[in-house]
Amino acid sequence: MTVPTRAASKDAVALVSGRRRTTELGLLILAFIVIVGLYALASLGRNASVPANIGPFLAAVLALVLVAHLVVRKVAPAADALLLPLAALLNGMGYVFIARLNDDLAGLQAAWTAAGITCFVLTLVLVKDIKVLQRYRYTFGLIGVLLLLMPLLPVLGNEINGSRIWVSLGPIGFQPGEFAKIALAIFFAGYLQENRELLSVATFRLGPFSIPDPKHFAPILLAWGVALAVMIFQRDLGSALLFFVLFVVMLWVATGRAAYLVAGVILFATGAALAYSQFSHVQQRVEVWLDPWTDPQGVGYQIVQSVYALSWGGVVGTGPGLGISGRIPFEETDFIFAIIAEELGLLGSTAVLCTFLLMVGSGLRIARRCSDGFGSLLAVGLTTLIGVQAFIIVGGVIRLMPLTGITLPFVSYGGSSLVANYVLLALLLRISDGASRRVPQPVLAR
Amino acid sequence: MPEQLLTVLKLCLLALLYLFFLRVLRAVWAEVTPPKAAAESAVVPPPSKPPKIKSVRASKKGSVPTKLTVVEPIARAGADFPLGGDLTLGRAPGCSVVLDEQYVSQVHSRVFQRDNSVFVEDLGSTNGTWLNGVRAVGQMHARPGDRIQIGNVILEFR
């Protein structure tokens with residue numbers, strides 16, 4: 001009786017794959033129409049004319065979208081249908097607003113998008129099975145830490161805008177930290193999967209508390225400690241926060257112990273208090289967050305202008321290309337969300353947030369359906385990276401929390417970030433494809 | 001370009017954007033609630049339903065099972081383990097039947113023969129051992145055609 005089941009399950013996978021790819025193509029076309037419409041409208045608003053390069057733009061966007069879709073169809077046919085269209089929409093919207101703000105950066109961003117799609121394709125083609133990554137977990141851990149350390153090297157490293165997170169290789173500058181996040185997520189997933197049972201039982205007594213044996217913690221604490229120390233030393237607070245959350249969430253999901261969350265919150269509070277008392281730039285960030293109007297022309301300038309942009313946008317926005325550009329420093333990277341909120345209003349900025357929400361939903365659904373522990377954990381980690389990174393920067397821009405400059409995934413200008421996020425997306429699709437091929441079983445006994 | 005026209009175009013664009021989300025939500029809905037006829041649920045019957053649990057081989061009831069066959073996961077379906085003496089099932093490498101799958105405990109359960117009958121016993125596993133959809137308590141009698149579920153692995157006595 002196993003033979004017909006097997007043949008039938010193959011048919012079932014083919015059916016699911018077909019349905020998913022059709023959905024994906026439909027959504028990609030819709031996203032394409034939105035992007036092109038937005039591009040034309042931004043130019044109409046700004047120059048009162050349809051952009052001269054609308055033809056090449058159409059062709060380029062269509063080509064990139066179709067290449068990505070066809071490759072997924074070929075090498076990961078059973079993968080989730082929503083992630084690629086959502087990412088394409090974010091990337092396209094981001095590009096339109098970058099092009100509207102700064103023509104030079106737009107050309108670069110277009111090149112980076114092409115590079116991102118190339119890396120997306122390469123990752124999907126090279127990583128045939130996500131379990132291969134599990135075998136090299138320690139290698140990835142080492143690579144992650146080395147990537148983080150790269151900017152500290154005397155010749156390669158570069159300090160830009162007070163953060164030493166850049167590496168220059170000839171004319172190309174990039175932020176290795178963006179790739180380090182993925183490498184370390186792979187390491188965490190592999191290590192936690194291997195030791196999840198050891199880490200979920202408390203066998204070691206420490207005063208009145210029982211904690212899991214510290215020797216099982218040592219490697220992960222080491223990697224985490226080094227990474228955090230490096231990021232704080234490089235003054236890259238946003239990445240440090242992102243990384244901290246990633247670590248706590250993965251530990252919690254792997255072991256199912258809420259105590260790790262509590263410990264994480266306590267550690268974070270201690271660390272934040274310590275950072276506040278020790279570093280003047282942390283104090284300044286917090287003060288600007290609490291009251292930017294004490295120095296609206298100085299340190300509070302960015303935040304004040306960002307809040308004005310949000311309020312000026314209102315519900316439906318001023319219209320693409322009709323906002324006041326060029327007033328917020330770093331508007332193409334850190335503050336792109338404020339520009340979107342100004343020109344597309346509450347509705348448009350909510351759409352961006354919805355996109356991230358749907359991406360996180362898709363990612364967690366992939367994790368839930370994956371029957372392999374490593375793939376499942378990695379999906380949680382990668383989803384956390386996207387979701388929390390978006391939360392940190394949007395929270396900073398709308399003054400929900402102190403501003404820490406990191407990119408808004410897929411939207412902000414930034415080559416390393418874009419390429420790294422496309423690699424991350426490819427890994428999620430690979431996990432999803434693998435999980436669907438095994439035909440997800442309803443787990444009865446829990 | 002009149003300002004009104006730009007406003008109208010902008011509103012159209014926003015509507016289009018939300019149409020996109022509507023389509024996405026519809027796709028999500030189709031994913032999380034597969035229709036009854038959808039291939040996924042039709043091909044792999046949820047083993048929890050009692051009528052489906054009983055296999056065709058249940059007709060041989062009364063005789064003594066001689067082997068354990070993996071039914072799920074599909075990837076390992078068809079693997080046989082001959083019964084005889086004491087069998088331990090679990091994730092640990094020392095078990096007689098090693099099942100390296102999620103939700104399987106290190107030493108999960110044991111299958112043994114006594115008085116010409118086969119019994120299944122849970123060994124204090126986290127997720128329990130299920131015999132024909134019922135959680136095993138103590139030593140449970142197993143006949144040919146019965147199915148046990150250990151984590152997400154389902155085995156049939158034959």
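1. A residue counts as buried under 20% relative accessible area, as exposed over 50% and as partly exposed in between (1.4 Å probe, protein chains only). The model is predicted: local features need pLDDT of at least 70, side-chain atom pairs count only at pLDDT 80 or more, and totals for chains, interfaces and linings use all residues. Residues are numbered from 1 along each chain as its sequence is written, chains are lettered from A and ligands numbered from 1 in the order in which they are written, and side-chain values use heavy atoms, leaving out hydrogens and water.

2. Chain B contains three helices and 11 strands (DSSP runs numbered from the N terminus: helices are H or I with at least four residues, strands E with at least two). From the N terminus on, the order of its elements is α-α-α-β-β-β-β-β-β-β-β-β-β-β.

3. In chain A, helix H10 (residues 259-278) and helix H11 (residues 280-290) have axes that come within 5 Å and cross at roughly 105° (axes are lines fitted to C-alpha atoms, for helices over the stretch in contact, with angles from 0 to 180 degrees between N-to-C directions). H10(A) and H11(A) are therefore roughly perpendicular (65 to 115 degrees; under 35 is roughly parallel, over 145 roughly antiparallel and the rest oblique).

4. A:Gln305 lies in helix H12 (residues 301-313) of chain A and is buried, at 12% relative accessible area. Residues up to four places away in sequence aside, A:Gln305 touches A:Arg327 and A:Ile328 (contact means heavy atoms within 4.5 Å).
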